[in-house]
Amino acid sequence: MILPEMLVEQENALLENTLRGDVEAFGDLIRLYERPIFNLCYRMLGDGAEAEDAAQEAFIRAYSNLASYDRGRSFKTWLFSIASNHCIDRLRKRRLTLLSIDEPLPPHPALVSDQPDPEQQMLEEERSALIQKLLNQLAPDYRVAVVLRYWYDLSYQEMSEMLETTESAVKSRLFRARQALVELLEDSEAQMILQPLLAS
Amino acid sequence: MSRLEQDPMRKDFNHLEDEAVHEPDETRMQAGQRLAAPAESTQENTQQASDASFQQVDQLLKTAPTVASPRGFADRVLALIKKQAQMYPTYSEGTGIVLGLTAAAFVTIPILGTILFLATQAIVNQSLRVTLIREISNAIETVAVWLQSPTISLPIALLMVVAILPFTALSGYLFWFFNGLAKAGASSEQA
């Protein structure tokens, strides 16, 4: 994940100012990363309200621990690791709660769609709901690997740093996650939704 | 049989000549070939099917939409962070509070300690109580006599002003600090 040089400079300046006590500078950092962090939390947790809580908590934790942030590392990776670990903790705590995975999730109102066409928008929503349904059936460790790899295009090395594991473990998790997704997609119901989406 | 219609024997011959096979025969032949195919070829087919499934998953995930954060999310998080930051004083503010309280303690503890000690002694010992009252009365009388002389009363008044100033400043600072903290807390709650 390579950030443009200008963005890195801007990020560094904002970090410097935040460390000097300028809270507004951290506000700019939040604005810079609110969307990817929220999307990560939403894809991990599958619920808009919970994702908002988790994303908020991730930013607050980042602010509180900013003094301990290693400037040699990418800020984005550090922030992502806080958010993903927090989501994994939440999912593990949630394990005791019985949830029906068969109920389709309602599409999030804030779903991004560049297409004004309502039919296209509906297809996008269906796709998003299908993906979320599939993700919800994966174990937290597999889910985070899929989200980080496919939405943020992180390298295995970055993922291993974030998840505090080895690169081979990340590769293995990702492979197993994809294998599980393939099996889930073979389900006829999923295929019925998937085929028109892929054709479109 | 018209001239245009072929003789069945001739038809079969033509098929053989063209190396063509009837459709049902071809289907049977392909099925036979699949059964007779070596294990490697079957594995290859399975592998191809598996690759296709993986590609389908990859395509689905790579084209997945990103979910945007709710409106005003950044402002809400920032307000929370500000509230938390205001709840806890900064390093310099904390140092000020500690120094101020320490100074107040240095002044208050000996005075209060002496008063408490004398009060306890006075309650326990009746003769001491009488002596104390007499001494206090004498002291007040002496001070009153002294104060009547401007050469003594003026420096004392100046000393009192000098002594009161730091305490007033310290009290003012503490009042301002805690008052500001309370107001900040209230405004962030409103936000």
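Trainee: What should I know before I start?

Mentor: Residues are numbered from 1 along each chain as its sequence is written, and chains are lettered from A in the order in which they are written. As the model is predicted, local features need pLDDT of at least 70, side-chain atom pairs count only at pLDDT 80 or more, and totals for chains, interfaces and linings use all residues.

Trainee: At what angle do helix H2 and helix H6 of chain A pack?

Mentor: Two packed helices are described by the angle between their axes and the distance between the axes. Here H2 (residues 23-45) and H6 (residues 140-152) of chain A pack at about 140°, with axes 10 Å apart.

Trainee: Which residues have the most contacts inside the largest nonpolar core?

Mentor: A core joins buried Ala, Val, Leu, Ile, Met, Phe, Trp, Tyr and Cys residues through C-beta atoms within 7 Å; buried means 20 or more other C-beta atoms within 10 Å. In this 51-residue core, they are A:Ile37, A:Cys41, A:Ala55 and A:Ala83. H2(A) gives the largest share, 11 residues.

Trainee: How many residues of chain B are in contact with chain A?

Mentor: 24, and they touch 35 residues of chain A. Helices H3 (39-62) and H4 (73-87) of chain B each give two or more residues to that side.

Methods:
Contact = placed C-beta atoms within 7 Å. Helix = DSSP H or I, 4+ residues; strand = E, 2+ residues; numbered from the N terminus. Axes fitted to C-alpha atoms, helices over the stretch in contact; angles between N-to-C directions. Buried ≥ 20, exposed ≤ 12 C-beta atoms within 10 Å, placed from the backbone.
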